[in-house]
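Student: I am new to this structure and would like to learn how to read its features one at a time. Could you guide me through them?

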Amino acid sequence: IYPVPKTLKTELLDEMLSRTEVRSVIVFTRTKHGADRLARQLQRLGHAVAALHGNRSQSQRERALSDLKRGRVQIMVATDIASRGIDVEGITHVINYDVPHTPEDYVHRIGRTGRVEAVGDAFTLMSPDEMKQVAQIERFLGRTIPRVMLPDFNYKMRPMELKRAVTAQPERYRPSHRGAPARNAHAPSAGRPRNGVSGAQPRSTQSRS
């Protein structure tokens, strides 16, 4: 769980993706509009992204899934309804941009990674108004999900401060290459990707189908 102000979720997500060896990631949002908006934002930041939700035609869904499987895009932004049809091997990360409405949806989401005895990571960006939903998920799971912070990320920035910072140092907020670790970040090993977090580490998810 990454506690973060709602207004900084996109910036934190960009930093996480930039510091990680992005191979095949699913980012979940609650709404179709939110999925399209986030996909556009990530594309502007230099990431290879596709969106998948209920308003997409069958051909658009098939093309998006094909692009993810073939590596043409590294990030799929999806809603819960659309995720039911996602069956892609090799998903390394699931990121909950929005905390899901129900604990069952959380379990279904994180089940997209770590399949067939593989290991994957599941991260959740939690704003203060989503703490109640996270508490429900933890009661359902019967355990507490670790809270972690991303080093060197300014969690106290306000939107206007962020706008000024991006204008002054645009390279700081955009990856130098799609999927490549950002400057000064440690590149992950050839094995399991790392998220650049020091100290407390997120617990891996392992789903057996």
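The dialogue below takes up a strand, a helix and a surface patch in turn.

Tutor: Please keep in mind as we go that this is a predicted model.

Student: Let me begin with strand β2: which way do its residues point, and are they buried or exposed?

Tutor: In strand β2, which covers residues 25-28, V25 and V27 point one way while I26 and F28 point the other way, and all of them are buried.

Student: In which sense does β2 pair with β4, and in which sense with β5?

Tutor: Strands count as paired if at least two bridges are found between them. Here β2 pairs with strand β4 (residues 75-78) in the parallel sense over 4 bridges, and with strand β5 (residues 93-96), also in the parallel sense, over 4 bridges. To follow this residue by residue, find F28, which stands opposite A78 in β4, and then V27, whose bridge partner in β5 is I95.

Student: Why is helix α5 described as largely enclosed?

Tutor: A residue is called buried when its relative accessible area is under 20%. In helix α5 (residues 103-110), 6 of the 8 residues are buried, so the helix is largely enclosed by the rest of the structure. The buried residues of α5 are P103, D105, Y106, H108, R109 and I110.

Student: Which residues gather in the patch of positive charge on the surface?

Tutor: That surface patch of positive charge brings together K6, R37, R40 and R44. One of these, R40, lies in helix α2, which spans residues 32-44. With a relative accessible area of 41%, R40 is partly exposed, since that term covers values between under 20% for buried and over 50% for exposed.

Definitions and conventions. Residues are numbered from 1 along each chain as its sequence is written. This is a predicted model: local features need pLDDT of at least 70, side-chain atom pairs count only at pLDDT 80 or more; totals for chains, interfaces and linings use all residues. Side-chain values use heavy atoms; hydrogens and water are left out. Patches are made of residues with over 30% relative accessible area and no salt bridge: like charges are joined within 9 Å, nonpolar side chains (Val, Leu, Ile, Met, Phe, Trp, Tyr) within 5 Å. Accessible areas come from the Shrake-Rupley method with a 1.4 Å probe; for residues, only the protein chains shown count as cover. A salt bridge is a side-chain nitrogen of Lys or Arg within 4 Å of a carboxyl oxygen of Asp or Glu. Lys and Arg count as positive and Asp and Glu as negative; His and the chain ends are not counted. The place of a charge is taken as NZ of Lys, CZ of Arg, CG of Asp or CD of Glu. Helices (H or I, at least four residues) and strands (E, at least two) are DSSP runs, numbered from the N terminus. Buried means under 20% relative accessible area, exposed over 50%, partly exposed in between (1.4 Å probe, protein chains only).
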